[in-house]
Amino acid sequence: METREIQGKKTKVRDNHEHVLLERTRFSYFFNHTLCELCQNDIWEYKDLFFECPKCFFFLHKSCGELWLYINHSFHSLHSARITILDNITCCYCEKSYQNALMYSCHQCSFHIHSSCSMIPIPIILCDNQNHVQYTCHDRPMTLVERYDRVIIDCFACQLPLSSRPAYTCQQSCQNILHKECAELPQKIEHSSLHPHHLLKLQVSGPRSCNACYKRDCRLIFRCEQCNFNFCTECPFLLPTVRWSRHNHPLFLMERAWSVDHNCNVCNNTYEKQLQVKVKDEVSHTRSLLFRCMEVECDLNIHFLCDPLPRIIKHECHVDSLILVDSIKCDNSNECYCDVCEETRDEQFRVYYYAVCNYVAHIHCVLDEVLKVLKGEQRDVELIAVGDARWMMPNKDVVGTATTTFTLSNIMQTLTQREREQLRNPLDHSSLGEAYIKRKYETKREENSRFEWKGDNQDIQRIQNLFNLSASDFEGNYLPEFWCFEAKEGLKMEEMYLKMNVVDVEGYQVPETLEPVLRTLLHKYGDLGRRSRLTPQMKSIACTLLCIVLDRMSTTKLEDITKDLLLQWYFYLKGIWYITGFQITFLFEHLKKLIATFVGLEATRFKTEMVTRVEKRIAEIEEQQKELETRKEDLVRLRSYGDSTGTEFIKDNVHRGLELKWKDALEGLF
């Protein structure tokens, strides 16, 4: 912290008053409820001296008067910050807010720091023309010691223990200590992959989170002011990158992700939900590993178990190469084991597999070999994520595929006003009326609520309804809810696809990451839009929307499907069919079977939940019954006291007390 000079001298709050202030002691003054002009607290709140202006009834606590009027803080070098009192404003250092807090504030930049936090010594970075960095603390250069082992303390930069390594220390013996390697970082770096748009500048900061690994409370960071991006001092130098054919930006491997509560863009689950599986260790072994896209507009996260991993590896655990598969079912005993560690596994997760001898390996059991590939120790290795095995991966030799130089957004801009309106409102209900369709949907929704778990006393009846659902009832009452559903936003294209370059696949222009989906679809079912009379641009947009739905379905396990998700898929397929006339009857038939399967799974979940709930209630009642029996025994025992139970002394006095209780206290004395 530096102070600002006014009229050639550093100014304190007490020097800013127009009259000379006199020091007073608490016991030399007789006024009560006099307020300090700065903090607005009672002047008698503190026992030390205070300042008074005898001319204008102006008072200051001594501690308030000794504060600097302005400071220049290393967190905010653009302007000076002035002392003031603020309510519920977050401090940039401690990230806490209080009422009536003394803070230094720059209202031009919304910089605010508590006066107490501003006094905490913080290393200041100095840089020469060669991009070499030096640190000062307490206005003195920090000095290098070859071995620091006086106290157990963490490095100010990386927050890891010093561990008797060379370190830079403050000459005032404060706790601002840096590893030698942390203190010798460059002042500016240019990272072509992590953040290619701007230079990253090293700076001391208030507690911030790293935008790459989610590490919190970073005090020394590499920062891009234009993008408001922050990186800890480790990520720019340690992150291996991989290229995945299904994403048009490089993916960074976080080997130590500090936060795991983010949704995975492949499985659409958080790690917290994955930890609810039967074999929790299978998730916990790779929980800190995460793939991330660092593009500002993208922010894609993928769990390691869902990540693009090597399709084939060679590991010492098996003589033959192992192939990555999405799932291997358990044997007839319903017990799944890994052949490497011989521990249980969960069949919902990917494994490495050799089919000839039915050899199965956890991903974490061959992790060393997987990481070698991801870090580039082997070249030209095919990477696949969950669901990729279903699609025909890109092949430069495939006829009819050509890369273009424009994006899907460019195609969207060529659509006519009528075509745009069709996407916003794909289902034309002009003959029936939108109100009629909406009422019909609400009616069907209400009717189908008789099958839904609500956690109340009627659930027993609802589960009976669900298990009594017939095929005709499913067709006539349950499915119409899906047919009547409409999404408010219409057929909406996600922003991430609009920014992607498109490829031409047999006349359809789709984002390059959806090329495998479209090519597989055309190979299996032929040209779905050969009879459509729409413009090539509109057919390409509709085909993209269709591929997005199929891609989402390929990465969603049946166990994770919700009714809302099924409604969304059904609406998109129906909207695409209405607009284009694509021959997708086979998709409606598949979705119909999927909805029926969902109902079956819901019935199983419903039953399991009800059994658990009833068993819990029975256990509670049994405990209450045991307590009731104990209370009955206590009651019998209590009733016997004074009659058949007790000493002769107690019995005699009980009898005497009952006879005399309405007499006065002198009874028998006179």
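Arg-292 touches Asn-211, Ala-212, Tyr-214, Pro-250, Leu-251, Phe-252, Met-254, Asp-299, Leu-300 and Asn-301, leaving aside residues up to four places away in sequence; contact here means heavy atoms within 4.5 Å. The model is a predicted one, in which local features need pLDDT of at least 70 and side-chain atom pairs count only at pLDDT 80 or more, while totals for chains, interfaces and linings use all residues. Residues are numbered from 1 along each chain as its sequence is written, and side-chain values use heavy atoms, with hydrogens and water left out.

Arg-292 lies in strand S23 (residues 290-292). Helices (H or I, at least four residues) and strands (E, at least two) are DSSP runs, numbered from the N terminus. With a relative accessible area of 2%, Arg-292 is buried (buried means under 20% relative accessible area, exposed over 50%, partly exposed in between, with a 1.4 Å probe and protein chains only). The side chains of Arg-292 and Tyr-214 are joined by a polar contact of 3.1 Å. Such a contact is a pair of N or O atoms within 3.5 Å; within protein, one must be able to donate a hydrogen and the other to accept it, and residues adjacent in sequence count only if both atoms are side-chain atoms.

Turning to the helices, H12 (residues 471-484) packs against H16 (residues 563-580) at an angle of about 60°, the axes being 8 Å apart. Axes are lines fitted to C-alpha atoms, for helices over the stretch in contact, and angles run from 0 to 180 degrees between N-to-C directions. H12 is therefore oblique to H16, given that angles under 35 degrees count as roughly parallel, over 145 as roughly antiparallel, 65 to 115 as roughly perpendicular and the rest as oblique. From H12, Tyr-478, Glu-481, Phe-482, Trp-483 and Cys-484 take part; from H16, Lys-563, Leu-566, Leu-567, Tyr-570, Lys-574, Trp-577 and Tyr-578. These residues divide into 9 nonpolar, no polar and 3 charged (Ala, Val, Leu, Ile, Met, Phe, Trp, Tyr, Cys and Pro count as nonpolar, Asp, Glu, Lys and Arg as charged, and the others, Gly among them, as polar).

H12 also meets helix H17 (residues 585-640), where the axes come within 12 Å and cross at roughly 105°. This makes H12 roughly perpendicular to H17. Phe-474, Glu-475, Tyr-478, Leu-479 and Phe-482 of H12 contact Lys-592, Ile-595, Ala-596, Phe-598 and Val-599 of H17.
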